[in-house]
Amino acid sequence: MKGSCLCGAVEYEILQLDSPISHCSCRTCRKSHAAAFNTGAGVKHENFRWVRGQDQLKAYESSPGKSRYFCSNCGTHIIAQRTGQDQVFLRVATLDDDPGQKPAFQIWKSHEVSWLEYGSHIPAYPEWQPDRV
């Protein structure tokens with residue numbers, strides 16, 4: 001499977017996901033992704049490789065021993081890595097291909113935002129809403 005950042009400067013390939021996909025609602029993930037939650041999965045080092053743009057990556061140590069890597073051009077957060085672990089934590093939304101699985105669980109529900117709501121009761125449009133100017 002292939003993946004990339006928003007501007008395309010950074011590309012990677014993975015052979016497989018090595019852990020189930022999960023949603024994380026912790027405050028750090030919400031802030032680093034500017035979203036209500038982050039969707040991630042573990043990928044062992046031997047199943048992950050940078051194709052191009054590794055020199056475009058910047059890192060930020062968001063908590064002791066955990067660094068988040070993002071494209072220095074467009075800001076896309078691609079992976080996180082903890083010191084001494086044999087895997088990276090891939091931001092699944094950066095995959096260009098379908099991973100073939102659905103999220104299995106959610107963590108840090110205690111940090112979930114109160115305004116998060118979605119479902120069939122909220123209007124959904126295939127693209128922009130009809131009255132958008």
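User: Where does Y118 lie in the chain?

Analyst: Y118 sits in the segment after β10. Keep in mind that this is a predicted model.

User: Is Y118 buried or exposed?

Analyst: Start with the cut-off: a residue is exposed when its relative accessible area is over 50%. Y118 has 60% relative accessibility, so it counts as exposed.

User: Where is C29 found, and is C29 buried or exposed?

Analyst: C29 belongs to helix α1. Buried means under 20% relative accessible area. C29 has 2% relative accessibility, so it counts as buried.

User: Which residues is S67 in contact with, leaving aside neighbours within four places in sequence?

Analyst: S67 is in contact with Y60, E61, I79, A80 and Q81.

User: Where is G65, and is G65 buried, partly exposed or exposed?

Analyst: G65 is in the loop between β6 and β7. Partly exposed covers the range between buried and exposed. At 22% relative accessibility, G65 is therefore partly exposed.

User: What does G65 touch beyond four places in sequence?

Analyst: G65 touches Q81, R82 and T83. Look at T83 in particular. G65 and T83 are 18 residues apart along the chain, with C-alpha atoms separated by 5.2 Å.

User: What about N73?

Analyst: N73 is in the loop between β7 and β8. Its relative accessible area is 55%, so N73 is exposed. Now compare sequence and space again. N73 and L6 are 67 residues apart in sequence, yet 9.2 Å apart from C-alpha to C-alpha.

User: Which phi does A34 have, and where is A34?

Analyst: A34 is not a glycine, but its phi is positive, about 50°. A34 is in the loop between α1 and β4. With a relative accessible area of 74%, A34 is exposed.

User: What is the phi of W108?

Analyst: W108 has a positive phi of about 55°, although it is not a glycine. W108 lies in the segment after β10. At 46% relative accessibility, W108 counts as partly exposed.

User: Let's step back. How many helices and strands are there in the protein?

Analyst: There are one helix and ten strands. Now read the order along the sequence. The pattern is β-β-β-α-β-β-β-β-β-β-β.

User: How do I read the whole chain in numbers?

Analyst: Begin with the extent. The C-alpha trace spans about 45 × 35 × 30 Å along its principal axes. Then take burial: buried residues make up 33% of the 133 residues. Next come contacts with a separation of 6 or more; residues 24 or more positions apart account for 59% of these.

User: What is the accessible surface of the protein?

Analyst: The accessible surface comes to about 8600 Å², and 50% of it belongs to carbon and sulfur atoms.

User: What volume does the largest pocket have, and which residues lie nearest its centre?

Analyst: The largest pocket has a volume of about 420 Å³. It is lined by 23 residues; C24, K66, F89, R91 and I107 lie nearest its centre.

User: Which elements give two or more residues to the lining of the largest pocket?

Analyst: They are β3, α1, β4, β6, β7, β9 and β10. β4 gives the most, with four residues.

Key:
Residues are numbered from 1 along each chain as its sequence is written. This is a predicted model: local features need pLDDT of at least 70, side-chain atom pairs count only at pLDDT 80 or more; totals for chains, interfaces and linings use all residues. Side-chain values use heavy atoms; hydrogens and water are left out. Buried means under 20% relative accessible area, exposed over 50%, partly exposed in between (1.4 Å probe, protein chains only). Contact means heavy atoms within 4.5 Å. Accessible areas come from the Shrake-Rupley method with a 1.4 Å probe; for residues, only the protein chains shown count as cover. On a 1 Å grid over the protein atoms alone, a cavity is a set of points where a 1.4 Å probe fits but cannot get out, and a pocket is an open set with protein on both sides within 12 Å along at least five of seven lines; lining residues have an atom within 4 Å of a point. Grid points are joined across faces, edges and corners, and a volume is the space filled by probe spheres set on the points.
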